[in-house]
Every structure is written in C-alpha cells, then in structure tokens.
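This report goes through a protein model step by step. Please look at the sequence and the 3D view before reading on.

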Amino acid sequence: MAAGALSGLVAVLETYRGRDRVVRTLCYGCQLAGGALAGPQSPPSGLPGSLLAVSAQLSACRTVLRLFDDFAMLSYSCGYGLGPKDEDGLVRGLSVLCNLANQLYYPCEHVAWAADAGIIRVGSQKWWTLSTALWAFSLLLGILRSLRILFRLRRKLRQPFASNSTPSPLSEKEAKAQVKAEVLSILTDAADLSNAIHWLPPGFLWAGRFPPWLVGLLGTISSLIGIYQASRGGNSETV
C-alpha cells in the first residue's frame, strides 16, 4: 500500500503539471497555516514567519516556471481556434476570450518578473496589476462558461427521450458527471477569483482586505479541487 502510494506520488512529481499542482497546494497550505498561527501578529516571526516565507518562495518558484508556459498555451489556443462547429455559440465565444486572456497573461507576468529581477528597467507594479486583471478576467469568463454549460446540461437532462430512440443510461451518467465537473470548476474559479481581486490595487471591491490565512484557505481549496479533478481525468488549469 505504502509502496503504491509512493509510486503514485513519484509519477505525479515527474510531470510538470503534476509537480505544479503539488507545489501550488504546498504554497497555499503554508500560507494558510502561517497566517492562522500568526494571528494579528505583524510582522510574523518564528514558525508562522517561516511558513509564510516558504509560501513566498514556492510562489516565486511557480512564477519562474511559468516563463515556459507561453508556447503550451499558444498551442492549445491554436488547437481550439474558434471552437468546434457543433459547440454552443456562447460557450465557444467565452472559451475564445478566455484563451486570449490567458495568452496575454503570461507575457505581462514575464515583464513584471523581469522588472523585479532587475533584468529590464521598467516599473513592475503596473505589469503585475495587468497580469492579475487578465487572470481575474479569465476566471470570470470560466465561471460564465461553466454556468452556460450547466444550463444546457440541465435542460438536456430534463428533456424526454424521443419516441424513436432508446434511453441511454450511459449518456445520462456522462451528463451528470459533467455537471459535477462544471460545479467543481465554478468553485475553483470562484476561489481563485476572490484571491485575484484581493491582489488588485486597493479600492476595487475587496482588494487588499484579505488576511494571509484567508488567501491561503481559498488557494488551498482550489488546489485540492484541481488535484481531485486531475485524478479523475478532468482538466484543471489554475494559476
């Protein structure tokens, strides 16, 4: 049993996406634990401060690794194009806009990272804000797309079968599985969207108002859902 679990963990860590999911979960988990232990203490010291420092380093690690994600995203966007002809028009439109926002997110983040690293001489804050805004826009589009898919699935499940067709338990089962997957995607995107808004400049909604433990909690929830979806063969792309 232990050997099988270890082999599974090694298999996950040997892939880029699998390793990123683990690092992301640890990053937010450390922020949750560090923020909860620190309480109102500012700046945190001791174990809480160490956990928050680990979280910051893991976040920086993921930022560097995303320097190589542009081409993978471009390949996906080109492969999807304007979407399949038989797909709902609104879903296709939301998906194309989501892909565009994700594609623009990466270079903006790269510029911000390079500015902070002293590689280029530009102000990094506006680029961090732009990349965060693009991520938030992508998440919002993802939520709207999932809601549209849920609406169509719900209507499909309520429709009686045609008189000349035979009920298909498998297709109904698949539809219910897709409903579950879309609900989980909405929860993931909503948690990440809450954090994305928190990281925008103060004055916009609840920007800058979340304590570290709440950021960690929301990120941990979305990360664990992403791992669950991946284990079930779902597609979860979280930043």
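How far is the sulfur of Cys 27 from the closest cysteine sulfur, and which residue holds that closest sulfur? The closest sulfur is in Cys 30, and the separation is 7.6 Å, which is too far for a bond. The model is a predicted one.

**Cysteines**

A disulfide is a covalent bond that joins the sulfur atoms of two cysteines. To count as a disulfide here, the two sulfur atoms must lie within 2.5 Å. A search of the whole structure gives 0 disulfides. With a relative accessibility of 6%, Cys 27 counts as buried.

Cys 78 is another example: the closest cysteine sulfur, in Cys 98, is 15 Å from the sulfur of Cys 78, so the distance is too far for a bond. Cys 78 has a relative accessibility of 58% and therefore counts as exposed.

Cys 61 sits in helix 3, which covers residues 46–65. Its relative accessibility is 35%, so Cys 61 counts as partly exposed. In sequence, Cys 61 and Asp 20 are 41 residues apart, while their C-alpha atoms are 9.6 Å apart in space.

**Overall layout**

The protein chain has 8 helices and 0 strands. Read from the N terminus, its elements run α-α-α-α-α-α-α-α. The C-alpha trace spans about 70 × 45 × 35 Å along its principal axes. Of the 239 residues in the chain, 37% count as buried.

**Helix pairs**

Two packed helices are described by the distance between their axes and the angle between those axes. The table gives these values for two pairs.

| Helices | Residues | Axes come within | Crossing angle |
|---|---|---|---|
| helix 2 and helix 8 | 16–38 and 212–231 | 7 Å | roughly 150° |
| helix 4 and helix 5 | 70–80 and 89–116 | 10 Å | roughly 160° |

How are helix 4 and helix 5 oriented to each other, roughly parallel or roughly antiparallel? Their crossing angle is roughly 160°, which makes helix 4 roughly antiparallel to helix 5. The cut-off for this reasoning is that angles over 145 degrees count as roughly antiparallel. Helix 4 passes helix 5 in a left-handed crossing.

Helix 2 and helix 8 are also roughly antiparallel to each other. Their crossing is left-handed. Sorted by class, the residues in the contact of helix 2 with helix 8 are 10 nonpolar, 10 polar and 2 charged.

Helix 2 also holds Gly 34. The relative accessible area of Gly 34 is 0%, so the residue is buried. Gly 34 and Leu 52 are 18 residues apart along the chain, and their C-alpha atoms are separated by 5.3 Å.

**Aromatic pairs**

A pair of aromatic rings is described by the distance of the centres and the angle of the planes. The structure holds 3 aromatic pairs. One of them is formed by Tyr 105 and Tyr 106, whose ring centres are 5.3 Å apart; their planes stand at 75°, so the pair is edge-to-face. Tyr 105 and Tyr 106 are both buried.

Are the rings of Trp 135 and Trp 199 stacked or edge-to-face? The planes of Trp 135 and Trp 199 are at 20° and the ring centres are 6.2 Å apart, so this pair is stacked. The cut-off used here is that planes under 30 degrees apart count as stacked. Trp 135 is buried, as its relative accessible area is 6%. Trp 199, at 38% relative accessibility, counts as partly exposed.

**A backbone detail**

Most residues other than glycine have a negative phi. Leu 205 is not a glycine, yet its phi is positive, at about 50°. Where is Leu 205 placed? Leu 205 lies in the loop between helix 7 and helix 8. The relative accessibility of Leu 205 is 48%, so the residue counts as partly exposed.

Methods:
Residues are numbered from 1 along each chain as its sequence is written. This is a predicted model: local features need pLDDT of at least 70, side-chain atom pairs count only at pLDDT 80 or more; totals for chains, interfaces and linings use all residues. Side-chain values use heavy atoms; hydrogens and water are left out. Axes are lines fitted to C-alpha atoms, for helices over the stretch in contact, and angles run from 0 to 180 degrees between N-to-C directions. Helices (H or I, at least four residues) and strands (E, at least two) are DSSP runs, numbered from the N terminus. Angles under 35 degrees count as roughly parallel, over 145 as roughly antiparallel, 65 to 115 as roughly perpendicular and the rest as oblique. A crossing is left-handed if the near helix is turned anticlockwise from the far one by less than a right angle, and right-handed if clockwise. Ala, Val, Leu, Ile, Met, Phe, Trp, Tyr, Cys and Pro count as nonpolar, Asp, Glu, Lys and Arg as charged, and the others, Gly among them, as polar. Rings of Phe, Tyr and Trp (its six-membered ring) pair if their centres lie within 6.5 Å; planes under 30 degrees apart count as stacked, over 60 as edge-to-face and the rest as tilted. Buried means under 20% relative accessible area, exposed over 50%, partly exposed in between (1.4 Å probe, protein chains only).
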